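Here's a quick briefing to read with the model open beside you.

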Amino acid sequence: MKVPQNELSTDSAEYRPNEGPRGYSIRDKLLLFTLTLLSIAILGLSSAAFFLSSSALRRARLDGFRSLRESFSEVISRFFADHRRGIATQAESQTFRYAASELSAGYQELIDDLEDAGLPVDAALIATLRDRLRLGYEKYFAPMSALDVSKNAVSQVADLSREGVIVQYVYILGNAAGSGAEVQAEPVRENDGTDSLASKVRNAFSKTTYARAVERYQPSIEAVVGRNRYNDLLFIDNRGNVVYSFGKSWDLGTNVVNGWLSNTNLKKVFVGAWYGPPGSSASPEADHVMVTDLEDYPVKSNRPVMFLGCAISDRLGEQQGVLVHEIDSRQITSIITFDEHWTQVGLGSSGEAYIVGPDRRLRTESRFLQELPKELTIPSYNEKGLPDGRTSILAFPLHNQAVDQLFSNKSRSGEVTFVDQRGRESLGVFGMLPLPELNWGLVIRIDTDEAFKPAQDLARLVAVGGLVILVFAIGGIIVFSHFLLGPIGQLVTTAEKIGGGDLSARAPVMTSDEVGFLASRFNTMVDQVVSGTNQIRKILETVNEGLFLIGPDLIIQPGYSRATSEIFHREIVGLHFLDLLRPTGQVLEPVIAPAILEATTLYLELLQNPKIKDKLIAQTNPLLEVEFRQRDPKGFNRTRYLEFRFNRVLAPGKPTQIMVTVLDVTTSVSLKRQIRESEARAQTQIEMLFGIMHVDPSTLQEFLTHTETQTDSMVQALEAGQFVSKTPETEEQRSDRYTRLLQTISRSLHLIKGNATVIHLSYFENLANQLEEEVVAVQQAGVISGEHFLPITTGLGQMRDRITMTRELIDRLLEMQKVFSHKSSTQNGEFDGLAELAEEVAQRSGKKVHVTFDFAAPVPPEPKSLSETVHTILTQFVRNAAAHGVELPFQRVNSGKHPVGDIHIFSCRPDAHCFEFGVRDDGKGLDFSILRKRAVEAGYADKDAIGRWGEAELTDLLFKPGFTTLEHSTRDAGRGVGLDAVQDLAKRFGGEIKVSSKVGSFTEFRVRISMNETVDC
């Protein structure tokens, strides 16, 4: 094979003189250099003056901003610490504890107290009061209709509880000091019927325990609110009802859990404070105060507010509710602006400080609100609900370099020059505030025009003086131009010949000065280059490894070893290195993943970084074992493995080239793979050995027999299903037949996985789960063909191999039977494993369960296969109860249940001819609305027809192949095969399955088998 000689050739090329202009002469360059040097000096002086003064100004400005940032951080931190300490102290105080207890109790007894006071609270009265409240809502929220607040607010009137209707009517519509004072339609008249009703309600209300509690504690609460400048103070009882509002706002009487404010931070602060860790009276600053971020709060004219919440307990430690403080964003803005004294704190006429939240929206008002584009602000409303200009708080995400670095998780504080939201170049500092619960950042900035104006004035003065000096210097430059040119011209001519390929050319030595010495050394250098080139060419022709150089642009350079061409079977000069790793139809084709190719690109970039050490680079080489396919002339493919090694060629500490060495490591790779396969098989046998040691031998034998039977039936179904049709059929018909075959296989795999989970044979469980994933992947294909079954067939073969391997291990252990550790039998016998199964499935779903047994009747001994079937069915029922039936702990607590769900496994003999068994859970029950929705989505019926279905028809859907109520499948549920397989097993014994359920209470699956009709399956 011919090796390209390229630059290594010693043949002399014919000299061809360069055509075209040569360029500037030395005389011209000397003149230009002198003029340029003087110009640079003058420009440098002016620039130095500007930059030195700018640097000093920048340091001084940034030092002031950093000091200001620390001051802001300390003030904000102290502000929140004081408020946290205040609400924690109040929650521990006797006054607020009594207030919370009496207000909560009075609110719950409000209706009874009103009726005891002579006011019958019937449906007609509540409806009348709701209508008046609706008018008040509509008038108050009408100006905010553009924000879609009014619609949600008015619609919630229908959902108010009777207590909520009463307190809103009395304190908002009937109280001139409340938020509702502005929405009262007209002053009442003596002869007006409404006045009579209002008077009756107020008179009766004043006699209630709740009204007396409000009157008793109002002065104390008013003092707290006024002293701390709270926007409002709320009590929320343990049911989520706002039983007290100091400001008598529209949130009074609402339920924060399921009311119209359930999607606001009021619910978040209630839940967080309620479920937070309990505080300690000895440590009022304990971290049990819930703090929320600023949010547009519809009750307060959609103004941004934040909440602090703390749970209140009685003297016995039982939580009575949550105390909530409401803080307006204007307090934060007042702190961060020092009450708008910008100039006094060093921010001049263009500087400002603002707080940004994790959503990159402002938490304080912008100083330049009037200058911001309209799209960066939103409408604002006053306390009366009337338009009040616009605001920048929570209006629009900021995208500038300061905010980007603030939340980039790289630099939490620093200095930066950036363009602000007004398009002004700014100098500023940024840093995170010490408020981990809020994750707020602080930015302080000023326009660079104002910051660097003194430096610009100084630079102009220096530039004018420099231009005057330059004019006087030009006259003295023209004297240097008429010597040192002759010998240099001869040297240039010789260099042009050598550059054209004539290595025999030599420069004449015409003088004995420096130019003559330079010509002599030049000739010596050419002789050394010719000798070195010949030596390198000999080395490259004899080396047995692939060896070549690539430049910084990753192009393969001329001059590589002969073995390189023999390895790649082509000439590679001029190719991009990555082209060697991409398929291009050559004799040697790479087989490399896109991820490895991408990693190679990054690795080559690291090679060109002089700061990274060679040892570290060698450890990250992604091309130590690259697979190639080589086609021989007969058409057969051969796999080869090449190893690429890289060494950097450094010049003054900087990589200029990369030397690549290529080795054929096919033999070494093959040996290592054989060793790894042997080790993997030995490891699998060890894992299987330890996996079966804890299982009862009879139970293990029964499992292996059942698994082998199911595997054989799946293989037979595959063989019969793919060749059953002897008549021509379309692709759709074949795909439908394959779909039914997949359903049969899926049921069998689900049963194997369930049985393996019960006896903790993880290697069988994992393999069955992998095969289930393969089945799901095939089911999701558009049109199913026979090729889709290849991975399933391979997996079933692995299942057979593991069964055989397990039996071999059992045979070897028969002589050591005494070593086996038998579990002590309990009253539940072989069904004890179901409790562990339920707990494992529940734990994977984030739930907690407790399993109880009531085997009033043992499983009949005949037929022999009945016991195995009962165990398999109960396994699926238990898995179904833990995955579908039992709710998450917080859902059970919200429903008034114990956080730990109960799963009850039972059996009985109603009479001598019947055996019943099943599973009952105290979960959420069957939601028939979800069943209808899933039935329509799965195509079982349309929306009109599904509405006429009864509960029995909807319950039957649970046993349809592929039907499930889960949106996404998990390891334990969601594939729609479990109950389908259970029904098939029950039918084999003539049994029937009965499902009973109550929404929010329980679900029970009961199997009834008539012993007169039972046959040995």
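How exposed is R1006: buried, partly exposed or exposed? R1006 is partly exposed, with a relative accessible area of 22%; buried means under 20% relative accessible area, exposed means over 50%, and partly exposed is in between, using a 1.4 Å probe and protein chains only. Keep in mind that this is a predicted model, where local features need pLDDT of at least 70 and side-chain atom pairs count only at pLDDT 80 or more, while totals for chains, interfaces and linings use all residues. Residues are numbered from 1 along each chain as its sequence is written, and side-chain values use heavy atoms, with hydrogens and water left out.

**Overall make-up**

- The protein chain has 30 helices and 22 strands; these are DSSP runs numbered from the N terminus, with helices being H or I of at least four residues and strands E of at least two.
- Of the 1017 residues in the protein chain, 43% are buried.
- Take the contacts in the protein chain with a separation of 6 or more: 64% of them come from residues 24 or more positions apart, where contact means heavy atoms within 4.5 Å.

**Helix pair α2 and α8**

- Helix α2 (residues 94-108) packs with helix α8 (residues 209-228) at an angle of about 150°, and their axes are 9 Å apart. Axes here are lines fitted to C-alpha atoms, for helices over the stretch in contact, and angles run from 0 to 180 degrees between N-to-C directions.
- That angle is why α2 and α8 are roughly antiparallel to each other; the cut-offs are under 35 degrees for roughly parallel, over 145 for roughly antiparallel and 65 to 115 for roughly perpendicular, with the rest oblique.
- The crossing of α2 past α8 is left-handed, meaning that the near helix is turned anticlockwise from the far one by less than a right angle (clockwise would be right-handed).
- On the α2 side the contact is made by T95, F96, Y98, A99, E102, L103, G106 and Y107. On the α8 side you'll find T209, Y210, A213, V214, R216, Y217, S220, I221 and V224.
- Sorted by class, the contact of α2 with α8 has 11 nonpolar, four polar and two charged residues. Ala, Val, Leu, Ile, Met, Phe, Trp, Tyr, Cys and Pro count as nonpolar, Asp, Glu, Lys and Arg as charged, and the others, Gly among them, as polar.

**Helix pair α24 and α25**

- Helix α24 (residues 833-844) and helix α25 (residues 865-885) pack at about 30°, with axes 9 Å apart.
- That makes α24 roughly parallel to α25.
- α24 passes α25 in a right-handed crossing.
- The contact involves L834, L837, A838, V841 and A842 from α24, plus L874, T875, V878, R879, A882 and A883 from α25.
- The tally for the contact of α24 with α25 is nine nonpolar, one polar and one charged.

**Salt bridges**

- Side chains of opposite charge can pair when their charged atoms come close. The count comes to 40 salt bridges, each being a side-chain nitrogen of Lys or Arg within 4 Å of a carboxyl oxygen of Asp or Glu.
- E74 and R78 meet in one of them, at 3.5 Å from N to O. They sit four residues apart in helix α1 (residues 26-92), so about one helical turn separates them. E74 is exposed at 52% relative accessible area, and R78 is partly exposed at 43%.
- E937 and R934 form another, at 3.0 Å from N to O. They are three residues apart in helix α27 (residues 928-938), so again about one helical turn separates them. E937 is partly exposed at 48%, whereas R934 is buried at 15%.
- R1006 from the opening question pairs with E1004 at 3.2 Å from N to O, and E1004 is buried at 11%.
- There's also a network of salt bridges linking E352, E371, D420, R422, R424, R445 and D447.

- The C-alpha atoms of R445 and L62 are separated by 9.5 Å, though the two residues are 383 apart along the chain.
- T600 lies in helix α17 (residues 594-607) and is buried at 0% relative accessibility.
- Leaving aside neighbours within four places in sequence, T600 is in contact with F577, L578, L581, P622 and L623.
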